[in-house]
Amino acid sequence: MVERIRLAPQGPEFSRMICGYWRLMEWGMSPQQLLTFIEQHVELGVTTVDHADIYGGYACEQAFGDALRLKPALRQSLELVSKCGIATTAKPGNPGNPIGHYITDRDHIVQSAEHSLRYLHTDYLDLLLIHRPDPLMDADDVAEAFVALHKSGKVRHFGVSNFTPAQFQLLQSRLPFSLVTNQVEISPIHQPAILDGTLDQCQQLRIKPMAWSCLGGGRLFNDAEFQPLRDELLRVAQEIGAETIEQVVYAWVMRLPSSPLPIIGSGKIERVRSALKAQKLALNRQQWFRIRKAALGYDVP
């Protein structure tokens, strides 16, 4: 089973690893097939699911909700996460977006959350995140939206995604309650958050980050430039008894002292089941830095 972990001192309790539904529309599942998949990963203990309003061309949340509607009681076994704040040109019936942009106005945040509730067939979100930093973000405006959604009971907790420590601190300064996470990209092939202060801030505030694209969106397995990394991951896998290099990558992410919660982006229950075995793998300091060096191509200064 999957460990449970509290995101923040006053935050929600999530599964140690999370199922991400970014690519749901590519999985080609019927509502019944998707319901079966949801039930399978919940049975394994993966009860937290990650969404965003824009995923799948604004279609993923509704597809998930259509599956959930077949068994409404399953909602009580899930923690639903969604994100808002990106407006793409692909939104149906919205010709007013000739160019993709960020939007964190109060009304947009509230409307986006309400749309997510309707599409997901639920009365509340466990967690709502601002998807990307917005150069035109008015922190007071965002705070008003968060407070309104909280008071109405439509969203229980709030956080951000891809925010710098300064951006996180700015928004936190306007809120009467704590932000509970920063969802950021963390993988051997994308390491900025490890040293730019993002994960240090998480440690300081005792909040757990959520880690997206741990496998580099598949690039780790396919790009020729990462062959040295794959070779090193295979050597470490043999040393620690891992079955796959995916498991080693997830263990590498979870080895960070900020205790990131990796998001698993697969719609295959076998891949989810395999990924969960990373919880029991332990990398020593030398193994962790060997993977770091193989990914970056250079040693520590």
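## The surroundings of Arg156

When neighbours within four places in sequence are set aside, Arg156 is in contact with Tyr124, Leu125, Asp126 and His150. The model described here is a predicted one. Arg156 lies in the loop that runs between H5 and S9.

The relative accessible area of Arg156 is 44%. Because buried means under 20% and exposed means over 50%, Arg156 is classed as partly exposed. Between the C-alpha atoms of Arg156 and Phe226 there is a separation of 40 Å, and these two residues are 70 residues apart along the chain.

Strand S8 comprises residues 127–130 and is covered on both faces. In a regular strand, side chains alternate between the two faces of the sheet. In S8, Leu127 and Leu129 are on one side, Leu128 and Ile130 are on the other, and all of these residues are buried.

S8 is joined to strand S5 (residues 79–84) by 4 bridges, and the two strands run parallel. Within this pairing, Lys83 stands opposite Leu129 of S8. S8 is also joined to strand S9 (residues 158–161), by 3 bridges and again in parallel. Here Leu129 stands opposite Gly159 of S9. From S8 the chain passes through helix H5 (residues 139–151) to reach S9, forming a right-handed β-α-β crossover.

## Packing of H4 against H5

Helix H5 also packs with helix H4, which spans residues 106–120. The angle between H4 and H5 is about 35 degrees, and their axes are 8 Å apart. This crossing is right-handed.

On the H4 side, the residues involved are Arg106, Ile109, Val110 and Ala113. They meet Asp141, Val142, Glu144, Ala145, Phe146, Ala148 and Leu149 of H5.

## Packing of H1 against H12

A further helix pair is formed by H1 (residues 31–44) and H12 (residues 269–276), whose axes come within 10 Å. How are H1 and H12 oriented to each other? Their axes cross at roughly 15 degrees. Angles under 35 degrees count as roughly parallel, and H1 and H12 are therefore roughly parallel to each other.

The crossing in which H1 passes H12 is right-handed. H1 contributes Phe37, Gln40, His41 and Leu44 to the contact, while H12 contributes Ile269, Val272, Arg273 and Leu276.

Conventions. Residues numbered from 1 in each chain as written. Predicted model: local features only at pLDDT ≥ 70, side-chain atom pairs only at ≥ 80, totals over all residues. Heavy atoms only, no water. Buried < 20%, exposed > 50% of the residue type's maximum accessible area, 1.4 Å probe, protein only. Pairing = 2+ DSSP bridges. Right-handed = clockwise from strand over helix to strand, strands pointing away. Axes fitted to C-alpha atoms, helices over the stretch in contact; angles between N-to-C directions. Parallel < 35°, antiparallel > 145°, perpendicular 65-115°, else oblique. Left-handed = near helix turned anticlockwise from the far one by under 90°. Contact = heavy atoms within 4.5 Å.
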